[in-house]
2 protein chains.
Amino acid sequence: VLSDNNARLAAARGLTNPRARRETGRFLVEGAPAVAQALRQPGVVQQVFATAGARYRHADLLAGAPEVAEISDRAAAGLSETVHPQGLVAVCRAVDVPLEPVLERRPRLLAVLVGANDPGNAGTILRTADAAGADAVLFAGDSVDVYNGKLVRASAGSLFHLDLVTGLDPAAAIQACRAAGLRTLATTGAGARQLDELIDAGELAVPTAWIFGNEARGLPADLLAAADQTVRVPIYGKAESLNLAAAAAVCLYGSARAQRVGQ
Amino acid sequence: VLSDNNARLAAARGLTNPRARRETGRFLVEGAPAVAQALRQPGVVQQVFATAGARYRHADLLAGAPEVAEISDRAAAGLSETVHPQGLVAVCRAVDVPLEPVLERRPRLLAVLVGANDPGNAGTILRTADAAGADAVLFAGDSVDVYNGKLVRASAGSLFHLDLVTGLDPAAAIQACRAAGLRTLATTGAGARQLDELIDAGELAVPTAWIFGNEARGLPADLLAAADQTVRVPIYGKAESLNLAAAAAVCLYGSARAQRVGQ
């Protein structure tokens, strides 16, 4: 069992801080399902910390891990950002990639998050984009750190399933998507087109980049103007708006269906 | 300014506890947008507590409130379940209604939550169901208390916009929906039909009750068997599943679109 003061453990504990994540290019993944997903990616997991209980419960999973160190329950709590620490944490290498090679692969479906600052929503959108068969998710502007513990958890492993691009300038990202032949659709409650119209007109069958704004403020006017089209999700009841992740689910699945029907 | 020991204030503070909510039939709504929505419903708001700052900032809103008492910042923190108390809290009467009159109005779109225990997801589904034009949301089985502070917040006022039915036996709720002429669709990753098939076949145009299970465990076998149809949302990428609220958004908007196209 490692001492609670062990240097590697202390370094890992530091990764609950976004600045340490940025400086080291490492982040933490907690819990058996997410750690299993991380272990499936070659070269991503650098080190695993597990309590005696977690080692016993997840012996099969840990058989494939590069380096497993046993830690105390107290140390596990220090590595955890959850109320109920699961005793199993992996230190992973950052998985984000540059935009250029992503666009060179001629993606058909992208999600671009501009200024998304709710980690739960952002992680859920990653998971939904993955489920909808999107090729990549782009984080632009003042968005939450993609390696935030809550975001990683909400993504349920999808962080490792699609191309992740971070730190982009929003206007440059939209321009790059357009130049790569993607139709750019900016979502806003005041969108010029309603989602169902685009579906009816067959306009979602083409390669598409969906652009989603901040939970409270939405997208700024210059980005709405930069996109090929502004789109609103219809509101049939009395709600003033949709939750960002719910709106993204409706848009991304609209595209997924149209692209498959259109093939 | 009320004393922090004032009896009404203490009773309101007690409503952060689910048992006190059940016993009194009252619950708390926090923050200007949600309190404004509550005030629009006749007879719902019983009492408003506001700090001096909140009274000043929201003078227009509070002009229409039945009874406003000024409280200290400390008392406001005691009434709040959020990290950043907003200084404005309304004590509201429970708004749930019995199932029978809801079904007598011949609803066209319902969501039934069975054993949903994540308040954020449940509140988001309420908001999404409202946006999709659903008539009611039914809470069945061991579901989270609908007056939980986090659920109320995530619903963004939609709690007040549609019929809310709570405390139902799941099998009885499904049976009652069928008897009222609703097609009952139970969602599960192993569903016999895929959502897109139902859309293509025009089967979502009829009055429909969508049944959603617990975030981790899904729906039990007896309820899957009791529904007219089991349905899976397609997964095109590598995600193992969708977040419950994301799946609900795709299903409810699928129905909303089909019911409008079918008219």
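**The interface of chain A and chain B**

The side chains of A:R257 and B:D200 meet in a salt bridge, with 2.8 Å from N to O; the term stands for a side-chain nitrogen of Lys or Arg within 4 Å of a carboxyl oxygen of Asp or Glu.

On the side of chain A that touches chain B, α8 (119-131), α11 (195-200) and α13 (244-261) each give two or more residues (helices are DSSP runs of H or I, at least four residues, numbered from the N terminus). Of these, α13(A) gives the most, with 7 residues.

This is a predicted model, in which local features need pLDDT of at least 70, side-chain atom pairs need 80 or more, and totals for chains, interfaces and linings use all residues. Residues are numbered from 1 along each chain, chains are lettered from A, and side-chain values use heavy atoms. Chain A averages a pLDDT of 95, and 99% of its residues score at least 70 (pLDDT is the predictor's confidence in each residue, from 0 to 100). For the complex, the predictor gives an ipTM of 0.94 and a pTM of 0.95.

In total, 32 residues of chain A are in contact with 32 residues of chain B (heavy atoms within 4.5 Å).
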